[in-house]
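Student: I have a structure open and would like to talk it through with you. Could we go over it bit by bit?

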Amino acid sequence: VEFRGVTFTHEGDGPPTVKAIDLAVKRGSVTALVGPTGSGKSTIAQLASGLVGPTEGEILLQSGVRSIVFQEAFLLSGTVRDNIELGAEYTDDELWDALDQAAATDFIRRLPRQLDTVVGERGVSLSGGQRQRLALARALARHPSLLVLDDTTSALDPATEAMILERLRSRLSGSTVLMVASRPSTIALADDVVFVADGRIAAHGTHDELLASTPTYRELVEAFESDRERNDSADARPEQHDTTSGAAGT
């Protein structure tokens with residue numbers, strides 16, 4: 001996918017969300033979009049996936065299927081099978097293969113009727129991470145040439161996230177992955193990193209290169225890491241309290 005002088009402005013008055021973007025993403029690579037809140041990362045992802053068109057400039061894409069998976073996975077009230085197929089037809093082997101790529105096989109096999117289990121309105125019977133993996137399997141079943149992930153793995157633990165990206169590399173070697181990322185462990189797994197600030201590309205290179213050469217990038221990644229550690233501590237605190245008070249056995 002290649003952006004040539006791409007600017008995008010939402011309808012109505014206001015400054016452009018992204019401005020004069022020039023970017024070439026290598027075929028078969030995993031590229032991370034990194035930046036502070038409101039920098040334009042998700043807009044670039046939506047432009048690449050075709051959900052919105054540029055106000056100025058052009059976007060060149062290799063032929064094939066484009067799929068985007070959002071952080072908040074939308075699921076239907078039907079079965080697991082319904083949520084992957086969405087009107088298309090796949091064999092059970094194809095469905096299981098997509099689920100395996102999304103690291104979802106184990107929890108789907110534990111469901112009462114596996115592929116034919118009803119997940120409830122918006123997937124209410126599943127956890128956030130399970131919904132994300134099911135939505136990812138839906139995209140992967142279509143063998144996309146461009147897969148766009150908008151903070152899609154945010155509800156997954158780092159080990160599962162790394163497993164999924166490794167499977168994407170090995171099984172979708174001809175596909176391009178463009179992902180919005182805010183977790184340092186995720187960013188480090190990418191082949192290339194595009195640092196977005198104020199709607200523009202501030203820097204482009206590997207994670208290690210940007211850490212060494214771009215102070216604002218390094219500060220942002222350190223802030224991401226501090227937020228992660230703070231959230232981990234907050235998540236652990238109630239469990240420690242319950243254990244000492246005896247509540248864990250109730």
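This is a predicted model: local features need pLDDT of at least 70, side-chain atom pairs count only at pLDDT 80 or more; totals for chains, interfaces and linings use all residues.

Student: Which helix is Thr 186 in?

Tutor: Thr 186 belongs to helix H7, which covers residues 184-189.

Student: And what does Thr 186 touch, leaving out residues up to four places away in sequence?

Tutor: With those left out, Thr 186 is in contact with Thr 153, Glu 161, Met 179 and Ala 181.

Student: How many bridges join S5 to S6?

Tutor: Five bridges join S5 to strand S6 (residues 146-150), and the two run parallel. Within this pair of strands, Arg 66 stands opposite Leu 146 in S6.

Student: OK, and the sheet of three strands, what order does that have?

Tutor: The order there is S2-S1-S4, in an open sheet with antiparallel pairing. Its edge strands are strand S2 (18-24) and strand S4 (56-60), each of which pairs on one side only, and the twist from one strand to the next averages 20°.

Student: Which residue stands opposite Phe 3?

Tutor: Phe 3 stands opposite Ile 59 in S4. Strand S1 (residues 2-8) and S4 pair in the antiparallel sense over four bridges.

Student: What lies across S1, S2 and S4?

Tutor: Helix H1, made up of residues 41-49, lies across these three strands, and it runs at about 120° to S1.

Student: Last topic, the surface. Which residues form the nonpolar patch?

Tutor: The patch is formed by Phe 74, Leu 76 and Leu 86, which together have about 270 Å² of accessible area. Phe 74 sits in the loop between strand S5 (66-70) and helix H2 (80-85).

Student: Why is Phe 74 described as partly exposed?

Tutor: Phe 74 has a relative accessible area of 44%, and the description follows because partly exposed covers values between the 20% limit for buried and the 50% limit for exposed.

Technical notes: Residues are numbered from 1 along each chain as its sequence is written. Side-chain values use heavy atoms; hydrogens and water are left out. Patches are made of residues with over 30% relative accessible area and no salt bridge: like charges are joined within 9 Å, nonpolar side chains (Val, Leu, Ile, Met, Phe, Trp, Tyr) within 5 Å. Accessible areas come from the Shrake-Rupley method with a 1.4 Å probe; for residues, only the protein chains shown count as cover. A salt bridge is a side-chain nitrogen of Lys or Arg within 4 Å of a carboxyl oxygen of Asp or Glu. Buried means under 20% relative accessible area, exposed over 50%, partly exposed in between (1.4 Å probe, protein chains only). Two strands pair if DSSP finds at least two bridges between them. Axes are lines fitted to C-alpha atoms, for helices over the stretch in contact, and angles run from 0 to 180 degrees between N-to-C directions. Contact means heavy atoms within 4.5 Å.
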